[in-house]
Amino acid sequence: MQFSESWLRSFINPPLSGEELAHLLTMAGLEVEGRDAVAPAFDKVVVAQVLTKDKHADADRLNVLTVDVGQAEPLSIVCGAQNVSVGMKAPCALVGAKLPGIEIKQAKVRGVASFGMMCSEKELG
């Protein structure tokens, strides 16, 4: 049977490392076969809030978003997702982020600068 580590941690106090938690469970008579990550570790992926959404002037299926990523200035991101709406919060990979099979770089998409990528579950792996 598999359990979420965060769920198990809700029952213990003080906080323990993953190895300490596995040892504690083993000493309690529960077999811990392994600890597996459900997704690769992320670097430079943050939660962003969409501030504005405008149609891209040179593309029918693209939008130009202004997103708040917690930096001094909001970022401009060209996005092809049709389900994006103003006010929503979603994962955003910043320039330099490494996702499974892709590295995020600053780019111009049909003449508009994009400083990151809004991510779905698929991009995050």
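User: In this predicted model, is His56 buried or exposed?

Analyst: His56 is found in the loop that lies between S1 and S2. Its relative accessible area is 5%, and buried means under 20%. In this predicted model, His56 is therefore buried.

User: Which backbone atom lies 2.9 Å from a polar atom of the side chain of His56?

Analyst: Leaving out residues up to four places away in sequence, His56 touches Leu62, Asn63, Val64, Val78, Val109, Arg110 and Val112. Val109 belongs to that list, and a polar atom of the His56 side chain lies 2.9 Å from an atom of its backbone. The atom asked for is the backbone oxygen of Val109.

User: Why does Ser114 count as buried?

Analyst: Ser114 has its place in strand S8, which covers residues 112-114. When neighbours within four places in sequence are left aside, Ser114 is in contact with Ser76, Ile77, Val78, Lys105, Gln106, Ala107 and Val109. Buried means under 20% relative accessible area, so Ser114 counts as buried because its relative accessibility is 5%.

User: Which residues does Leu65 touch, not counting residues up to four places away in sequence?

Analyst: With residues up to four places away not counted, Leu65 touches Val50, Thr52, Lys53, Leu75, Ser76, Ile77, Cys79, Val84 and Met118.

User: Which helix gives the largest share of the lining of the largest pocket?

Analyst: The largest pocket has a volume of about 790 Å³ and is lined by 20 residues, of which Met1, Gln2, Phe3, Val32 and Gly34 lie nearest its centre. By class, its lining divides into 11 nonpolar, 4 polar and 5 charged residues. Helix H1 (5-9) and helix H2 (18-27) each supply at least two residues of this lining, but the largest share, 4 residues, comes from H2.

User: What is the volume of the second largest pocket?

Analyst: The second largest pocket is lined by 13 residues, and those closest to its centre are Cys79, Ala81, Met118, Cys119 and Ser120. S3 and strand S9 (116-118) are the elements that give two or more residues to this lining, which by class has 9 nonpolar, 3 polar and 1 charged residues. The volume of the second largest pocket is about 190 Å³.

User: How far apart are the C-alpha atoms of Lys44 and Ile104?

Analyst: Lys44 lies in the loop between H2 and S1, counts as partly exposed at 42% relative accessibility, and has a positive phi near 65° although it is a residue other than glycine. Leaving aside neighbours within four places in sequence, Lys44 is in contact with Cys92, Ala93, Leu94, Val95, Gly96 and Ala97. Ile104 is 60 residues away along the chain, and the C-alpha atoms of the pair are separated by 9.6 Å.

User: What is the C-alpha to C-alpha distance between Val38 and Ser4?

Analyst: Val38 is found in the loop between H2 and S1, where it is exposed with a relative accessible area of 85%. Val38 and Ser4 are 34 residues apart in sequence, and their distance in space, C-alpha to C-alpha, is 9.5 Å.

Terms used
Residues are numbered from 1 along each chain as its sequence is written. This is a predicted model: local features need pLDDT of at least 70, side-chain atom pairs count only at pLDDT 80 or more; totals for chains, interfaces and linings use all residues. Side-chain values use heavy atoms; hydrogens and water are left out. Buried means under 20% relative accessible area, exposed over 50%, partly exposed in between (1.4 Å probe, protein chains only). Contact means heavy atoms within 4.5 Å. On a 1 Å grid over the protein atoms alone, a cavity is a set of points where a 1.4 Å probe fits but cannot get out, and a pocket is an open set with protein on both sides within 12 Å along at least five of seven lines; lining residues have an atom within 4 Å of a point. Grid points are joined across faces, edges and corners, and a volume is the space filled by probe spheres set on the points. Ala, Val, Leu, Ile, Met, Phe, Trp, Tyr, Cys and Pro count as nonpolar, Asp, Glu, Lys and Arg as charged, and the others, Gly among them, as polar. A polar contact is a pair of N or O atoms within 3.5 Å; within protein, one must be able to donate a hydrogen and the other to accept it, and residues adjacent in sequence count only if both atoms are side-chain atoms.
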